[in-house]
Amino acid sequence: MEPGAWGNKTVVTEFILLGLTENIELQSILFAIFLFAYVITVGGNLSILAAIFVEPKLHTPMYYFLGNLSLLDIGCITVTIPPMLACLLTHQCRVPYAACISQLFFFHLLAGVDCHLLTAMAYDRYLAICQPLTYSIRMSRDVQGALVAVCCSISFINALTHTVAVSVLDFCGPNVVNHFYCDLPPLFQLSCSSIHLNGQLLFVGATFMGVVPMVFISVSYAHVAAAVLRICSAEGRKKAFSTCGSHLTVVCIFYGTGFFSYMRLGSVSASDKDKGIGILNTVISPMLNPLIYSLRNPDVQGALKRLLTGKRPPE
């Protein structure tokens, strides 16, 4: 911290992240665990991307969105885990103010795109099952690209809004963040200026990034469920539900942890419980996504086997 143009106030130039634990021996164990999780997550999502790229059968809208989701998962975990690993390795975590704000921006940008991309995937499943005759027209390549562009645009506006709103707050000290990465609630706790506007922006952002997408997903799957139940054969119903099961599992994990983190508007204080939820958001969810999609999907399994064995896909 250093004196600045704030009169007798002291301007914070860096933040100290407390991380997950102050126990040095435990830090070494956590380093190994999170390094393993990072390698598995990046490797798993790259495998999904490679399978989608080389397997013609997977060149469909559903897997186009899944490929984008894998890229986002790699980005989300890369924004938070490598800096945390560096902190665990050096047993201290001093983060410059600009780096902290940048991490905040990119985390909310990537996580926000994730929110809306899951909504686009639900819409894709709705069209495929409820409107099969017009599916190829309504989900053309141009539409797929437009949906991804809209997801990115909405998330960029949301992330930029929160970042600018945080950057104009006064941080006079203390500068100790009770978390393992820079996020809104723990930073709010350290501000020496009013965070009323930030709280309102957080509410609006959580509504547009969480509640609205969840409503669209729920409506889409309500129509899907109604359409599937009208299918006469049990085999047909099973096949229809199997294409949605993986996506619904990911939605439940992602939104379950996200709502717990950002919809508790009555309190912005950070706690050890928030760190646990943060691990679910930043580590567990991106790591489980490729496992969920590969374990439940025979097409992806077949593509991965051919990729590993070097066999060419069937014509």
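Where is the place of serine 220? Serine 220 sits in helix H7; helices are DSSP runs of H or I with at least four residues, strands are runs of E with at least two, and both are numbered from the N terminus. The model is predicted, and local features need pLDDT of at least 70, side-chain atom pairs count only at pLDDT 80 or more, while totals for chains, interfaces and linings use all residues. Residues are numbered from 1 along each chain as its sequence is written, and side-chain values use heavy atoms, with hydrogens and water left out.

At 11% relative accessibility, serine 220 counts as buried. Buried means under 20% relative accessible area, exposed over 50%, and partly exposed in between, with a 1.4 Å probe and protein chains only. Leaving aside neighbours within four places in sequence, serine 220 is in contact with Ala122, Tyr123 and Tyr126, where contact means heavy atoms within 4.5 Å.

**The chain as a whole**

The chain has ten helices and five strands. Of its 315 residues, 47% are buried. The accessible surface of the chain comes to about 15600 Å², and carbon and sulfur atoms hold 68% of that surface. Accessible areas come from the Shrake-Rupley method with a 1.4 Å probe; for residues, only the protein chains shown count as cover. Among contacts between residues at least 6 apart in sequence, 78% join residues at least 24 apart.

**Nonpolar cores**

A nonpolar core is a set of buried Ala, Val, Leu, Ile, Met, Phe, Trp, Tyr and Cys residues joined through side-chain atoms within 4.5 Å. The largest nonpolar core has 59 residues, of which Phe34, Ile81 and Leu118 touch the most other members. At least two residues of this core come from each of helix H1 (24-54), helix H2 (61-90), helix H3 (97-130), H5, helix H7 (196-229), helix H8 (234-262), helix H9 (272-295) and helix H10 (298-309). H2 supplies the largest share of this core, 14 residues. Isoleucine 81 touches Phe34, Tyr38, Thr282 and Val283, not counting residues up to four places away in sequence. Another core, of 19 residues, lies apart from the largest one, and its members include Leu17, Cys87, Leu104 and Leu202.

**Cysteines**

A disulfide is a covalent bond between the sulfur atoms of two cysteines. Here a disulfide is taken as a pair of cysteine sulfur atoms within 2.5 Å, and by this rule the count comes to three disulfides.

| Disulfide | S to S distance |
|---|---|
| Cysteine 87 and cysteine 93 | 1.9 Å |
| Cysteine 100 and cysteine 182 | 1.9 Å |
| Cysteine 172 and cysteine 192 | 1.8 Å |

With bonded cysteines counted along the chain, the disulfides follow the pattern 1-2, 3-5, 4-6.

The torsion about the S-S bond of cysteine 87 and cysteine 93 is about 45°, so this disulfide is right-handed. Cysteine 87 is buried, with a relative accessible area of 17%, and cysteine 93 counts as buried at 10% relative accessibility.

For cysteine 100 and cysteine 182 the torsion about the S-S bond is about -120°, so the disulfide is left-handed. This pair links distant parts of the chain, 82 residues apart: cysteine 100 is in helix H3, and cysteine 182 is in the loop between strand E5 (176-177) and helix H6 (184-190). Both cysteine 100 and cysteine 182 are buried.

The link of cysteine 172 and cysteine 192 is right-handed, with 50° about the S-S bond. Cysteine 172 lies in the loop between H5 and E5 and cysteine 192 in the loop between H6 and H7, so the pair ties together parts that are 20 residues apart in sequence. Cysteine 192 is partly exposed, with a relative accessible area of 35%.

Cysteine 115 is in no disulfide. Cysteine 76 is buried, with a relative accessible area of 5%, and cysteine 115 counts as buried at 9% relative accessibility.

**A surface patch**

Phe156, Ile157, Leu160, Val164 and Val168 make a nonpolar surface patch of about 460 Å². Patches are made of residues with over 30% relative accessible area and no salt bridge; like charges are joined within 9 Å and nonpolar side chains (Val, Leu, Ile, Met, Phe, Trp, Tyr) within 5 Å. A salt bridge is a side-chain nitrogen of Lys or Arg within 4 Å of a carboxyl oxygen of Asp or Glu. Isoleucine 157 is in helix H5 (residues 141-167) and is exposed, with a relative accessible area of 55%.
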